[in-house]
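Subject: Structure handover

Hello,

Here is the structure for your files. My notes follow below it.

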Amino acid sequence: MKESKNQYQLVLVLNPKTEDKENIIKKVTTWLETKKIELNQVHLGLKELAYEISKNSKGDFWSFELKSQSPIRLKEFNLILNRESNIIRYLILKV
């Protein structure tokens, strides 16, 4: 792939009590791959949260480095992430 000028950092915080974490990550990665976005994912593990989110004091953290030729449609991506109830927080940064 050519040098991409659209680079993003995505951090997902999943509910630690959910049992289908693999399916959630698979949904996100499948959507990204269909949009021809290169990704590198890292599981950061279970971490203590600074404050409770949805009655959870811990979260399962995942980090993604995203690279694409064209800008990501963030409204569409936010909609997909918001529909998943087991994602308790996410952050998308343009690098």
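Which residues does S63 touch, not counting residues up to four places away in sequence? S63 touches Q9, L10, N40, Q41, V42 and L44; contact means heavy atoms within 4.5 Å.

First, the ground rules. This is a predicted model: local features need pLDDT of at least 70, side-chain atom pairs count only at pLDDT 80 or more, and totals for chains, interfaces and linings use all residues. Residues are numbered from 1 along each chain as its sequence is written, and side-chain values use heavy atoms, with hydrogens and water left out.

More on S63. It sits in strand β3, residues 56–68. S63 has a relative accessible area of 12%, so it is buried (under 20% relative accessible area, 1.4 Å probe, protein chains only). Its side chain makes a polar contact with the side chain of Q9, at 2.6 Å (a pair of N or O atoms within 3.5 Å, one able to donate a hydrogen and the other to accept it; residues adjacent in sequence count only if both atoms are side-chain atoms).

Now the whole chain. The order from the N terminus is β-α-β-β-α-β, giving 2 helices and 4 strands (DSSP runs: H or I of at least four residues, E of at least two). The C-alpha atoms fill a box of roughly 45 × 20 × 20 Å along the principal axes. Buried residues make up 38% of the 95 residues. Of the contacts with a separation of 6 or more, 71% join residues 24 or more positions apart.

Best wishes

How values were computed
Buried < 20%, exposed > 50% of the residue type's maximum accessible area, 1.4 Å probe, protein only.
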